Number of protein chains: 2
Amino acid sequence: MNDRSMRAPQPVRRPRADGERTRQAILREAVSLATVDGLEGLSIGDLAKALGMSKSGLYAHFGSKQELQLATVEEAGRIFQAEVVGPALAAPPGLAQLVAVCDAFCDHLQRRTFPGGCFFAGAALEMGTRPGPVKERIAAFQSAFVGLIRTFAASALEQRQVAADEDPDQLAFEINGIILAADTNFVLHDDPGALDVARRVVRRRLGVEPAAVR
Amino acid sequence: MNDRSMRAPQPVRRPRADGERTRQAILREAVSLATVDGLEGLSIGDLAKALGMSKSGLYAHFGSKQELQLATVEEAGRIFQAEVVGPALAAPPGLAQLVAVCDAFCDHLQRRTFPGGCFFAGAALEMGTRPGPVKERIAAFQSAFVGLIRTFAASALEQRQVAADEDPDQLAFEINGIILAADTNFVLHDDPGALDVARRVVRRRLGVEPAAVR
DNA sequence: CCCATAGAAGCACGATCGTACGTGCTGAAA
DNA sequence: TTTCAGCACGTACGATCGTGCTTCTATGGG
């Protein structure tokens with residue numbers, strides 16, 4: 001007898017292809033809605049209505065609202081990775097990556113992937129004071145992002161592309177601040193001009209000629 | 001006959017002293033709760049429970065949730081004026097005000113006036129994509145704040161306290177970014193060290209010796 | 001082709017949401 | 001001291017919240 005027959009009859013979860021597609025569609029819409037209503041304000045009913053399906057059918061995919069929130073954060077992370085982190089990593093290591101990560105973020109906002117701006121900027125402030133696994137996951141993503149910027153800054157420092165007395169931690173803090181200010185101003189005033197300002201600011205701060213701003 | 005007797009009998013609102021005190025207490029608590037639950041997530045029931053009064057008694061002070069939100073934003077503005085803008089204005093015009101506004105903001109966070117960090121940083125991202133008078137009021141406060149920082153920057157530029165090629169708009173954008181990054185990091189990681197970083201960053205950025213960081 | 005099973009829907013629940021109405025209590029003006 | 005409006009209350013409403021349970025459909029491995 002093989003291993004399977006020896007095991008106690010554990011009801012293994014075996015997802016089907018159409019269910020996985022539905023789940024994916026749910027999470028996409030969930031991330032989008034969460035940028036407007038927040039992760040807490042996002043309701044199962046509204047989400048189901050936006051997808052044209054039933055509350056219970058949607059709910060069965062996650063089992064609880066918290067599980068839905070966690071899966072939504074993960075999906076947002078995948079999208080952020082593809083739209084912002086990926087392009088930044090594709091640039092030459094160092095100074096160019098610092099500029100690229102800011103540009104990629106501004107492009108991400110400008111093409112309006114989500115109606116409510118950056119998912120993580122909003123989620124961080126919303127869930128920051130609500131202890132639990134959702135906050136922890138968001139905090140982990142934010143730390144990883146700032147850490148990524150810090151490695152870019154450290155690389156730029158190694159290559160003498162910035163002043164020798166610059167500090168990677170402080171520089172990462174500033175770049176992150178520019179990104180947050182870009183998101184806040186863009187969302188609040190619905191003005192792409194705020195993104196142009198951000199693109200100029202990061203170049204001036206790093207001593208890069210501002211020719212590349214489209 | 002005087003003006004009053006000539007007017008049509010308009011039922012003038014004549015608030016009583018105890019009612020005004022209650023209303024003030026409500027708004028204080030509302031601002032505090034809104035920094036955790038958001039302006040939309042803030043519920044009349046929770047607010048009444050936190051104050052030990054009835055839902056209906058509280059509700060009568062405002063007549064609608066939107067009016068409560070608007071009054072809450074105004075109250076938050078008064079507190080922000082007293083805790084951040086006031087101290088910044090008290091500093092010598094120019095460069096010192098730029099440092100002071102950041103310090104005052106960090107102090108404001110560190111003394112934990114509200115459990116959820118900066119009211120306006122959270123409210124801006126939450127309400128930014130929700131059209132209506134509440135969003136407009138928040139946007140107005142945020143614009144006024146950035147405008148204030150810009151006047152500080154312009155004054156510093158006039159007095160040759162910063163490099164001649166600095167731009168007040170871009171400088172205000174950066175300082176605002178540092179403030180937003182300070183709030184986000186502090187709220188998310190509950191770490192006062194993030195505020196120390198912010199205080200150091202703003203000094204380094206402006207070329208001020210970092211001796212004054214406590 | 002069959003059928004065990006994942007997926008989706010229908011329905012119902014207790015709780016809580018914002019809002020409305022009616023009623024005593026009480027502070028301040030007359 | 002009398003009087004009246006502001007204040008706070010209890011109660012109730014329709015809607016919606018997250019969450020179960022039951023039932024039908026349809027998919028994919030044997």
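**Chain contact, helix packing and the DNA-facing surface**

In this predicted model, the contact between chain A and chain B takes 33 residues from chain A and 33 residues from chain B. On the side of chain A that touches chain B, at least two residues each are supplied by H2, helix H7 (119-127), H8, H9 and helix H10 (193-206) of chain A, and the largest share, 13 residues, comes from H9(A). Classified by residue type, this side of chain A has 14 nonpolar, 13 polar and six charged residues.

Within chain A, the axes of helix H8 (residues 133-158) and helix H9 (residues 168-189) come within 8 Å and cross at roughly 125°; the two helices are therefore oblique to each other, and the crossing of H8(A) and H9(A) is right-handed. From H8(A), the residues Val146(A), Ile149(A), Arg150(A), Ala153(A), Ala154(A) and Leu157(A) meet Pro168(A), Asp169(A), Leu171(A), Ala172(A), Ile175(A) and Asn176(A) of H9(A). The residues of this contact divide into nine nonpolar, one polar and two charged.

By class, the surface near DNA strand C comprises six nonpolar, nine polar and nine charged residues.

Technical notes: Residues are numbered from 1 along each chain as its sequence is written. Chains are lettered from A and ligands numbered from 1 in the order in which they are written. This is a predicted model: local features need pLDDT of at least 70, side-chain atom pairs count only at pLDDT 80 or more; totals for chains, interfaces and linings use all residues. Ala, Val, Leu, Ile, Met, Phe, Trp, Tyr, Cys and Pro count as nonpolar, Asp, Glu, Lys and Arg as charged, and the others, Gly among them, as polar. Axes are lines fitted to C-alpha atoms, for helices over the stretch in contact, and angles run from 0 to 180 degrees between N-to-C directions. Helices (H or I, at least four residues) and strands (E, at least two) are DSSP runs, numbered from the N terminus. Angles under 35 degrees count as roughly parallel, over 145 as roughly antiparallel, 65 to 115 as roughly perpendicular and the rest as oblique. A crossing is left-handed if the near helix is turned anticlockwise from the far one by less than a right angle, and right-handed if clockwise. Two residues are in contact if their C-beta atoms, placed from the backbone, lie within 7 Å.
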